[in-house]
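Please look through the sequence and the model shown here before reading on.

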Amino acid sequence: MAATLQVENLQTHFFSRGGIARAVDDVSFAVQRGEVMGLVGESGSGKSMTGYSIMGLIDEPGQVVGGRILLNGRDLRLLPAEEMRTIRGNRIAMIFQDPMMTLNPVLRIDTQMIEAVRAHQDVGKHAALAMARDALVRVGIAAPDERLQAYPHQFSGGMRQRVAIAIALLNKPDLIICDEPTTALDVTIQGQILFEMQKLCRESGTALIWITHDLSVVAGLADTVSVMYAGRIVESGDVAQVLMQPRHPYTHGLIASAPSRNPPGQPLRQIPGSTPSLLTLPSGCSFRDRCARATGECVETPETRIVDGRALRCFHPMTEAPPGGAA
Ligand SMILES: Nc1ncnc2c1ncn2[C@@H]1O[C@H](COP(=O)(O)OP(=O)(O)O)[C@@H](O)[C@H]1O
Ligand code: SF4
Ligand SMILES: [Mg+2]
């Protein structure tokens with residue numbers, strides 16, 4: 001069966017006076033029905049722009065300049081704008097870092113949710129309200145009837161994000177993209193929301209992309225993981241395999257530098273150097289001026305190849321496990 005989402009050689013560029021930023025540079029991955037993919041990388045690596053590209057939400061000065069975005073086999077890039085609007089919020093939904101990107105501050109929750117249902121389904125107000133109530137229950141909101149009559153400002157940050165998630169679930173989309181929706185929340189709530197989302201998507205067959213800068217967040221909950229660096233996916237595969245035996249030096253560095261793996265009282269093992277600006281990337285492998293394994297060969301761009309059952313962009317894959325043992 002075809003993947004719910006198959007992204008092939010996606011390229012999204014931002015054009016500015018300073019040059020062209022290749023925010024998404026030849027990105028390919030697939031997510032199956034009911035599967036959770038973690039999209040991981042440092043800030044500025046192109047995670048959000050990958051999500052926005054899939055949603056058809058890239059605005060000037062950015063542009064999707066190449067590749068295919070196949071949703072159940074149909075290329076979203078070839079659809080007329082109007083058809084894409086119908087698909088957005090219906091077949092694909094995105095939960096943004098800031099829930100207020102989804103919520104309207106001046107409308108009651110019931111009004112917003114009923115509108116979201118009726119924009120895509122031919123149902124009456126009462127039926128739409130029942131669906132809204134059901135969605136709130138599914139994301140763990142107690143006293144849904146009372147909550148439906150409230151305005152966004154009457155909710156805590158965590159509750160607001162839950163409402164945004166409930167809205168994304170309303171039309172039972174084929175694909176949900178969550179863009180670090182829990183970074184502002186405390187760790188316990190993060191874990192809870194992720195766990196609930198994973199369960200809901202497994203049940204409904206929805207494919208889920210969970211964007212985060214924190215590898216440990218997806219460790220126990222994602223099926224696959226794709227690691228992004230400077231606009232490219234450098235390593236992707238089964239989550240346990242990639243975390244236990246990372247083959248890309250960047251993935252290795254990310255895992256080794258996780259606070260949980262560093263003994264207290266000792267300096268953090270950090271990846272040397274800092275995240276580069278996309279306008280001043282080195283040619284070839286973009287990681288090469290931070291990489292201990294770089295050789296003359298790395299001035300060429302490593303193509304993606306399959307190594308040990310995962311997709312890898314590196315001329316000299318690692319063989320040793322990260323310090324502190326397996327993830
Ligand atoms: N509005 C914009 N104008 C110019 N460049 C942008 C804009 N938005 C994003 N970019 C470029 O895209 C890159 C990736 O951004 P983003 O996907 O938001 O990163 P992430 O979500 O991984 O933190 C940025 O580093 C920047 O170079
Ligand atoms: S291709 Fe070369 S520079 Fe890039 S990560 Fe691999 S070894 Fe390091
Ligand atoms: Mg982002």
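What span should the 13 residues of helix H6 (residues 157-169) have at 1.5 Å a residue, and how far apart are its end C-alpha atoms? This is a predicted model, in which local features need pLDDT of at least 70 and side-chain atom pairs count only at pLDDT 80 or more, while totals for chains, interfaces and linings use all residues. Residues are numbered from 1 along each chain as its sequence is written, chains are lettered from A and ligands numbered from 1 in the order in which they are written, and side-chain values use heavy atoms, with hydrogens and water left out. The span should be 18 Å, and the end C-alpha atoms of H6 are 19 Å apart, which agrees; the expected span is 1.5 Å times one less than the number of residues. Helices (H or I, at least four residues) and strands (E, at least two) are DSSP runs, numbered from the N terminus.

H6 is largely enclosed by the rest of the structure, because 10 of its 13 residues are buried, where buried means under 20% relative accessible area, exposed over 50% and partly exposed in between, with a 1.4 Å probe and protein chains only. The buried residues of H6 are Gly158, Gln161 and the run Arg162, Val163, Ala164, Ile165, Ala166, Ile167, Ala168 and Leu169.

Strand S9 (residues 224-229) is likewise largely enclosed by the rest of the structure, since 6 of its 6 residues are buried. Thr224, Ser226 and Met228 point one way from S9, whereas Val225, Val227 and Tyr229 point the other way, and all are buried. Two strands pair if DSSP finds at least two bridges between them, and S9 pairs with strand S3 (residues 36-40) in the parallel sense over 4 bridges, with Ser226 of S9 as the bridge partner of Leu39. S9 also runs antiparallel to strand S10 (residues 232-238), to which 6 bridges join it, and here Val227 stands opposite Glu235 in S10. The hairpin of S9 and S10 has 2 residues between the strands, and Ala230 takes a positive phi near 45 degrees there.

An open sheet of 4 strands has the order S2-S1-S4-S5, with antiparallel pairing. Its edge strands are S2 (19-31) and S5 (74-75), each of which pairs on one side only. Within this sheet, strand S1 (residues 5-16) and S4 pair in the antiparallel sense over 8 bridges, and Thr12 stands opposite Val64 in S4. Strand S4 (residues 62-71) is joined to S5 by 2 bridges; Leu70 stands opposite Asp75 in S5, and Arg74 of S5 is the bridge partner of Leu71. S4 and S5 form a hairpin with 2 residues between them, and Asn72 in its turn has a positive phi of about 45 degrees.

Gly296 lies in the loop between helix H10 (249-256) and strand S11 (305-307), and this glycine is exposed, with a relative accessible area of 57%. The C-alpha atoms of Gly296 and Ser48, which are 248 residues apart along the chain, are separated by 32 Å.

At ligand 2, Cys285, Cys291, Cys298, Cys314 and Phe315 come nearest of the 13 residues around it, a residue being near if one of its heavy atoms lies within 4 Å. By class, this shell has 9 nonpolar, 2 polar and 2 charged residues, with Ala, Val, Leu, Ile, Met, Phe, Trp, Tyr, Cys and Pro counted as nonpolar, Asp, Glu, Lys and Arg as charged, and the others, Gly among them, as polar.
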